[in-house]
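Subject: Structure handover

Hello,

Here is the structure I promised to pass on. Please open it alongside this note, which goes through what was found.

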Amino acid sequence: MPEYTMKRIDKQVLPDAGYLLTAAEQRRLVGRDSLQGVAVYAEGACIGVLLFTVRGGTCQIERVEIVPAWRRCGAGGRLLRALLLLADRQHWQVVVPFAASGQRDTVYRWLAAQPGLAIARQQGFVAQIHRDAIDKAATRIGRRTGDAVQPLFAQPKKSIAALCDRIEAGFPAVAAELRQGQSGFCEELSCCGKSGGQIKAVSLAAKDADGLSLRLLFAEPGCGALAMGALAGSMRQMLQKTDEEQVGLTVTGKSAEQLLDKLCPSYEVTQHLYTAYAIGENG
C-alpha cells in the first residue's frame, strides 16, 4: 500500500488541495465558517480531501474526494480514519449523511466496509421531477398565492429571527444555521410565504457537491397553501438554473413529502437517505 500523509487544510495546504475544491468551499475553509478539511498526500502531491463541519459536538462529513487514479488504493479510508481519530480526541460524534439507491450502491458499500461505522436508514429520499410538472404546478399554485410568496433572504433580519424562534423547537440544527446567515443555504432557491407581514411558511434549500437539498419545508397551522407556494417558488427557481428535463430534489421530513405529493405527484424516487455514524471507541 502507498505511504500516505494527512494534513489539516489551512492557508498553507489550501493551494495544494485547491484543484479538488469548489470556489465556495475554498472561501468557507479560510473564512469564519464551520467548514474544515483534511488532505491526503502521496508521492509529494495532494491526492484527496475530506471536508467536514462541527456543530454542537457533532462532526458531519460533507464530502470526500479522491483523485481517480488513486481510488481503490485505500486513500479514502485513511482520510476517514484520520478524522475518526481527531473526533475521538475532540469528543465529537461523527455522522455521514448520504443518498444511495440501495445496499449495492458504491457509496453504501464503501461506507459499510469502513471499520468503526454503522449505517441506518433515514426518512427521506431523492426525487427526480420532470420540469413540465414543476412548471405546471408552480403556475397553478402561483395563481393562488401571488405576491405572498417571496425570496426568504430578501426579508428583514428581524422577520427571519422570528422564524428561527418558531422553528427552533422542532428543527434546532436548521434554526441555528439560519441564525448565522445564509452561507450554508442556497439563497436564490429559498422562498417564504407571508401573511399579515409575517413569514408563515418557508421552503429552505441548500446546495452541496451532491446537488440540491430541501433542508426545511415548514408552515404555521392552517398555512399549507403558503407552504406549497413557497415550495413551488423554490422549484420554479430551480428550472431557471438548469436545462435538464429532470430536476433532482432531496426531500426530508413527512410534511415535505406530503406537500410534494400534492404539488408534483408524478415524481420518481431514485435514491433513499441514510446516515453512517461512528461506533465503538470513535463514537
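First, a definition. A residue is buried when its relative accessible area is under 20%, exposed when over 50%, and partly exposed in between (1.4 Å probe, protein chains only). By that cut-off V251 is buried, because its relative accessible area is 1%.

Some ground rules. This is a predicted model, so local features need pLDDT of at least 70 and side-chain atom pairs count only at pLDDT 80 or more, while totals for chains, interfaces and linings use all residues. Residues are numbered from 1 along each chain as its sequence is written, and side-chain values use heavy atoms, with hydrogens and water left out.

Confidence
The pLDDT is the predictor's confidence in each residue, from 0 to 100. Its mean over the protein chain is 86. Of the residues, 95% reach 70 or more. Helix α1 (residues 14-17) has the highest mean among the elements, at 96. Strand β10 (residues 211-219) has the lowest, at 74.

Overall build
The protein chain holds nine helices and twelve strands. These are DSSP runs, numbered from the N terminus: helices are H or I with at least four residues, strands are E with at least two. The radius of gyration is 20 Å, close to the 19 Å of the globule rule for 283 residues, so the chain is as compact as a globular protein of that length. That radius is taken over C-alpha atoms, and the rule is 2.2 Å times the number of residues to the power 0.38. The C-alpha trace spans about 60 × 40 × 35 Å along its principal axes. Buried residues make up 47% of the 283.

Contact here means heavy atoms within 4.5 Å. Among contacts between residues at least 6 apart in sequence, 67% join residues at least 24 apart.

The cores
A nonpolar core is a set of buried Ala, Val, Leu, Ile, Met, Phe, Trp, Tyr and Cys residues joined through side-chain atoms within 4.5 Å. The largest has 43 residues, and I9, I47, V49 and F52 touch the most other members. Elements giving two or more residues to this core include β3 (45-55), α3 (75-90) and β12 (268-278). The most come from α3, with seven residues. Beyond four places in sequence, I9 touches L14, L29, G37, V38, A39, V49 and L51. A second, separate core has 33 residues, including I129, A133, L214 and A227.

Two residues to look at
Start with L20, in the loop between α1 and α2 (23-30). L20 is buried, because its relative accessible area is 11%. Leaving aside neighbours within four places in sequence, its contacts include C46, I47, V49 and V67. L20 and V67 are 47 residues apart in sequence, yet 8.1 Å apart in space, C-alpha to C-alpha.

Then go back to V251, in strand β11 (residues 246-251). Not counting residues up to four places away, V251 touches G124, F125, A256, E257, L260 and L273. From V251 to V269 is 18 residues in sequence and 9.9 Å in space, C-alpha to C-alpha.

Cysteines
A disulfide is a pair of cysteine sulfur atoms within 2.5 Å. The count is zero. C73 is partly exposed, at 26% relative accessibility. For C192, the closest cysteine sulfur is in C191, 7.4 Å away, also too far for a bond. C192 is buried, at 0% relative accessibility.

Best wishes
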